[in-house]
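Take a walk through this model, one contact at a time. Keep the structure open as you read.

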Amino acid sequence: MKILLAYSSKTKNTYKVAKAIYEQIKNFANVDLINIKKAKTKLSMYDFYILGCWTDKGTANKNMMNFIETQNIRQKNVAIFMTCGVPVEHYHAKDSINNFTQYMTNLNNNILGSFICQGKIDPKILIVFKFLTWRDPNFIHKIDQTMLEWVEISKPHPTKTDLLNAQNWIKSLLEKHY
Ligand SMILES: Cc1cc2nc3c(=O)[nH]c(=O)nc-3n(C[C@H](O)[C@H](O)[C@H](O)COP(=O)(O)O)c2cc1C
């Protein structure tokens, strides 16, 4: 079985999860681990697609959506994973994975499972967010006490437990469906 494991990652959180998943499944199937930034040409067909990305504005980041469009990933068996800035228990994490799921379903893909865990928020982004909050107090990522707390709590993520959870998730998904 041929599996495409493709990820989008700016600051390596999602890459770490992708790598953990890869280590878990590399002996089970013929797996191509791909950073979507480096996928410039049309890829061949796969039996199963595992797509991972970071969360932006409560859904998959733009580069991942562009990748899905240009690679024409439709009517495929797919599993998705994400990293996000908020704790996984927060409704925003559930909304984000649901939004990505909906996006994939709209392209007639068959979603076999999804996973999300927290990823360290790059402190550098706070400078940009501060400026944008100053310009527009209703800015979607406005800097307030809650945002600062999330930055703090997110620091150790993805943790060893997050990575183990990702591995267990993909293991049981493959056992169930393949
Ligand atoms: C520009 C920007 C926008 C973000 N928007 C969100 C968001 O809407 N929701 C969220 O939970 N996290 C958001 N985050 C946090 C990232 O999704 C999170 O830190 C992720 O783990 C980064 O993954 P990476 O290291 O693979 O790039 C945002 C981060 C950046 C830089």
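**Loops, helix packing and aromatic pairs**

Lys-57 lies in the loop between strand 3 and strand 4 (59–60). Helices here are DSSP runs of H or I with at least four residues, strands are runs of E with at least two, and both are numbered from the N terminus. The model is predicted: local features need pLDDT of at least 70, side-chain atom pairs count only at pLDDT 80 or more, and totals for chains, interfaces and linings use all residues. Residues are numbered from 1 along each chain as its sequence is written, and side-chain values use heavy atoms, with hydrogens and water left out.

Stay with Lys-57. Its phi is near 50°, a positive value in a residue other than glycine. Lys-57 is exposed because its relative accessible area is 55%. The cut-offs are these: buried is under 20% relative accessible area, exposed is over 50%, and partly exposed is in between, with a 1.4 Å probe and protein chains only.

Lys-12 also has a positive phi, near 80°, and is not glycine. Lys-12 sits in the loop between strand 1 (2–7) and helix 1. With a relative accessible area of 52%, Lys-12 is exposed. Most residues other than glycine have a negative phi, and most peptide bonds are trans. The bond from His-157 to Pro-158 is cis, with omega near 0°. Pro-158 belongs to the loop between helix 5 and helix 6.

Now turn to helix packing. Two packed helices are described by the angle between their axes and the distance between the axes. Axes are lines fitted to C-alpha atoms, for helices over the stretch in contact, and angles run from 0 to 180 degrees between N-to-C directions.

At what angle do helix 1 and helix 6 pack? Helix 1 (residues 13–25) and helix 6 (residues 160–177) meet at about 45°, with their axes 9 Å apart. That angle makes helix 1 oblique to helix 6. Angles under 35 degrees count as roughly parallel, over 145 as roughly antiparallel, 65 to 115 as roughly perpendicular, and the rest as oblique. The crossing of helix 1 and helix 6 is right-handed. A crossing is right-handed if the near helix is turned clockwise from the far one by less than a right angle, and left-handed if anticlockwise.

Helix 1 brings Lys-16, Val-17, Ala-20, Ile-21, Glu-23, Gln-24 and Ile-25 to this contact. Helix 6 answers with Leu-163, Ala-166, Gln-167, Trp-169, Ile-170, Lys-171 and Leu-174. Contact means heavy atoms within 4.5 Å. The residues of this contact divide into 9 nonpolar, 2 polar and 3 charged. Ala, Val, Leu, Ile, Met, Phe, Trp, Tyr, Cys and Pro count as nonpolar, Asp, Glu, Lys and Arg as charged, and the others, Gly among them, as polar.

Look at Gln-167 in helix 6. Is Gln-167 buried or exposed? Gln-167 counts as buried, because its relative accessibility is 16%. Not counting residues up to four places away in sequence, Gln-167 touches Ala-20, Glu-23 and Gln-24.

Helix 2 (residues 62–70) and helix 3 (residues 91–106) have axes that come within 12 Å and cross at roughly 15°. That makes helix 2 roughly parallel to helix 3. Their crossing is right-handed. Met-64, Met-65, Ile-68 and Glu-69 of helix 2 contact Phe-100, Tyr-103 and Met-104 of helix 3. Here the residues divide into 6 nonpolar, no polar and 1 charged.

Next come the aromatic rings. The structure holds 6 aromatic pairs. Rings of Phe, Tyr and Trp (its six-membered ring) pair if their centres lie within 6.5 Å; planes under 30 degrees apart count as stacked, over 60 as edge-to-face, and the rest as tilted. Phe-48 and Tyr-178 form a tilted pair, 5.2 Å centre to centre with 45° between the planes. Phe-48 lies in strand 3 (residues 48–56) and Tyr-178 in the segment after helix 6, so the pair ties together parts that are 130 residues apart in sequence. Phe-48 is buried, at 0% relative accessible area. Tyr-178 counts as partly exposed, at 37%.

Phe-129 and Phe-139 form an edge-to-face pair, 5.5 Å centre to centre with 65° between the planes. Phe-129 lies in helix 4 (residues 125–135) and Phe-139 in the loop between helix 4 and helix 5 (145–154), so this pair ties together parts 10 residues apart in sequence. Phe-129 and Phe-139 are both buried.
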